[in-house]
Every structure is written in C-alpha cells, then in structure tokens.
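Biologist: Could you walk me through this one? I'd like to ask my way around the fold.

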Amino acid sequence: MYSEQPPSEAEDSSADGRAPGDDDDDEELDFLPRRASRSLSDASPTLQGLPSANGHDARGPPPPAPSVPLALSILNVEPLDEFIREVADWIAYHLKGRTDCVEVEAKIGVLKDRNTGDRIRMPTLVETILQPGTPDIIFESNMTSDQHRHFNLLLNELMVSPPPGGQTSSPIQYSHHYLLDSFYKSDAHPRDKVRVTTDEKTRQVVQCVRKVKLGDLNIYSPKRHADWRISVNLEIPEKVPTGPPIRTRRKNRMSYTHQHTQIDLTQVTQESDRTAHTELLHELEVEIIPSSLLLSYAAYRGDELVGQRERDGFDELIRVFVNNARILVRNSGSWS
C-alpha cells in the first residue's frame, strides 16, 4: 500500500528509490510532485438548482423514482459501443496471424492540418475515428512542459488517493528510468532501423529491436484540448549492431502501471530533423501490457468453444485501453 502522503514524501516503489518525478539532475521534467489541484475525473459537473423569486428551487419537487427499473432497451439489452468495437476490430485485424513482437499503444497529442499547421476542424460534435489514410493530416505528440507537469500531478495524485473501489487490490506501480536509444541501419532491411535501448544508470542493454509500423488510427476529439492516435507496431528482436549509431536520443521516462495498462510520461532529448540544434519533446503514451496476453486473447476472440472470459477477453482489454486513453484526453487541460 502507498503512504497517504504526496508522492514527494512517500516512499518510492521505483528501483532508484526516488519519489515520482523527483530528481536533482533534471528539473525540466521532474517537477515537484504534490497533490494535484483536482483529481483525475470523467464526471460531469453537478447541475445546480434554479432559483426562484422566493429563493426556492423553481423546478419544484423531484419526480418519483420509477416503480420498476428501466429496461436497457425494448430488447432489454444494451447495444454494442460502436466506437470500442471499431477499435477492437481494427487492432484484431492487424494482429491476425501474429504470435509475438507486437506493440499496441495510444499517444496523446494534436491532429493538425499539414498545410497550415493548425489543429484540424471537422463537422463533428463528439469524439470521432478518422478513416485511416485521411490526407493532409499529421499527428503531433509533443506537448508543453506545463502540460507534462499537469499529467504528472494527476497521475501522482492517483497513486496516493485512488478512487473509491478503484485500485485497492491493484495499486498503480511507479518506475523511473533514464534510457538512451541508439539507431543503426538494418543491413537486411534497408528501409528499417535497429533501435538499441540502454539503461544509462546500469549500462545494460534493455532492448534491441527493429520497429515496423503496421497501422495508425487517429481519433479527433473536438470537445477536448487533445486528440489521440492508436498505433500497432512490430518490435522484432535483433542482434546488437557494432559501429557508431546514425543518431541517438535520450529518454527521461516515468512509468505508471495499473493492471494491463502502462502510462509513460517521457521527456525526449534529440537532434532536430530540420536543424542541427537539440530539441526537447514531452510525450504521453498508453500501452497494453503484456503483448503476449493481448495476442492470446485475440486468438480466441469470439470462439464459442471456449469460456466467455476467454472469448471476450480481447474486447475487454481494448475497452479498458480505450477508457484509459479517453480519461487522459478528457483531463488534458489547456494544450498549446
């Protein structure tokens, strides 16, 4: 159990013994963790009573409760959520026939017009999945340091003050890593690059993979300050190359893990593709873990010969994944 103190005072569960976001070496990312000014929430604002001339509620007394519970529909079933079903079908399509090496993640960012650089405007009132391959749209996952701080505080708050009944049996786990990504040309696949990730503190190679993108799905959220993108990738293990890398980047990463979801807040330092100067990026990602569980459930999706838990496990994982991305987007605050 976590101490009922702000993360800056509580005992850290990470390997380096530091509290979430607390580090002397990098003040840019590791903001002073404190209780957030508001908790992470997806609740609607409470409606206030309508005052009348005599000071009483003009609406009158509330109506009586229904004598019997309302049926979900005329068939007494709730229709499938088309949004989540579409996401699940799209991910399942890209996972078909795969046995390992997959990554399913969502990034929080902004969808922009390629020509103007402004956030897109579309004739839709609510969250909408865009057709894959929609032209002249780019996704920018970078955010400001203030936005990063905002998410840092919200996630820290959840660690010490979980919602009622939400995380008592599975609290959020925290870790903090300093990573170095080195990129090499792939001799066997000239269009791809091999990425070697090294823990900068232990000098141990954490991962060496060739990343292959299978598809992106953009979600436009007109009522929110941020949009999001779901990506399915292959991360194929490779031998560690020799020789100098063609480029490197450093990642200062704070990870918050709850059940089968990992949320990564990362500060990336790298050379700009357009200039010779170093640029500082702030990113937020949501990933389903472990990928082996997702693939196992995908293989039995809809199979009537297995139990309901196995048959529906894939869609349940995707539902939670989408919910977590939505919660973060709806708490994105001001985005610039």
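Predicted model: local features only at pLDDT ≥ 70, side-chain atom pairs only at ≥ 80, totals over all residues.

Biologist: How many bridges join β4 to β8?

Modeller: Strands pair here if DSSP finds at least two bridges between them. β4 (residues 173-185) is joined to β5 (residues 193-199) in antiparallel fashion by seven bridges, with Tyr184 partnered by Val194. Phe183 has its partner in β8, namely Arg247. Between β4 and β8 (residues 247-258), also antiparallel, the count is 11 bridges.

Biologist: Which residues make up the covered face of β3?

Modeller: In a regular strand the side chains alternate between the two faces of the sheet. β3 (residues 137-140) pairs with β1 in the antiparallel sense over four bridges, and Ile138 is the bridge partner of Lys112. The uncovered face of β3 has Ile138 and Glu140, and the covered one has Ile137 and Phe139.

Biologist: Why do the buried residues of α3 line one face of the helix?

Modeller: Buried means under 20% relative accessible area, exposed over 50%, and partly exposed in between (1.4 Å probe, protein chains only). In α3 (residues 291-299), Leu294, Leu295 and Tyr297 are buried. Seen down the axis, with directions taken from the helix axis to the C-beta atoms, the buried residues of α3 line one face because they fall within an arc of 165 degrees.

Biologist: Which elements do those buried residues of α3 pack against?

Modeller: The face of α3 turned away from its buried side carries the exposed residues Ser292 and Ala299. Contact means heavy atoms within 4.5 Å. The buried residues of α3 pack against α1 (82-95), β1 (102-113), β10 (278-288) and α4 (308-330).

Biologist: How many charged residues are in the lining of the largest pocket?

Modeller: A pocket is an open set of points on a 1 Å grid over the protein atoms alone where a 1.4 Å probe fits, with protein on both sides within 12 Å along at least five of seven lines, and lining residues have an atom within 4 Å of a point. Of the 45 lining residues, the closest to the centre are Lys107, Lys211, Arg249, Glu283 and Glu285. Asp, Glu, Lys and Arg count as charged, Ala, Val, Leu, Ile, Met, Phe, Trp, Tyr, Cys and Pro as nonpolar, and the others, Gly among them, as polar. The lining has eight nonpolar and 12 polar residues, and the charged ones number 25.

Biologist: Which residue does a cis peptide bond join to Ile289?

Modeller: Most residues other than glycine have a negative phi, and most peptide bonds are trans. Here omega is about -15 degrees. The residue lies in the loop between β10 and α3, and the cis bond joins Ile289 to Pro290.

Definitions and conventions: Residues numbered from 1 in each chain as written. Heavy atoms only, no water. Helix = DSSP H or I, 4+ residues; strand = E, 2+ residues; numbered from the N terminus.
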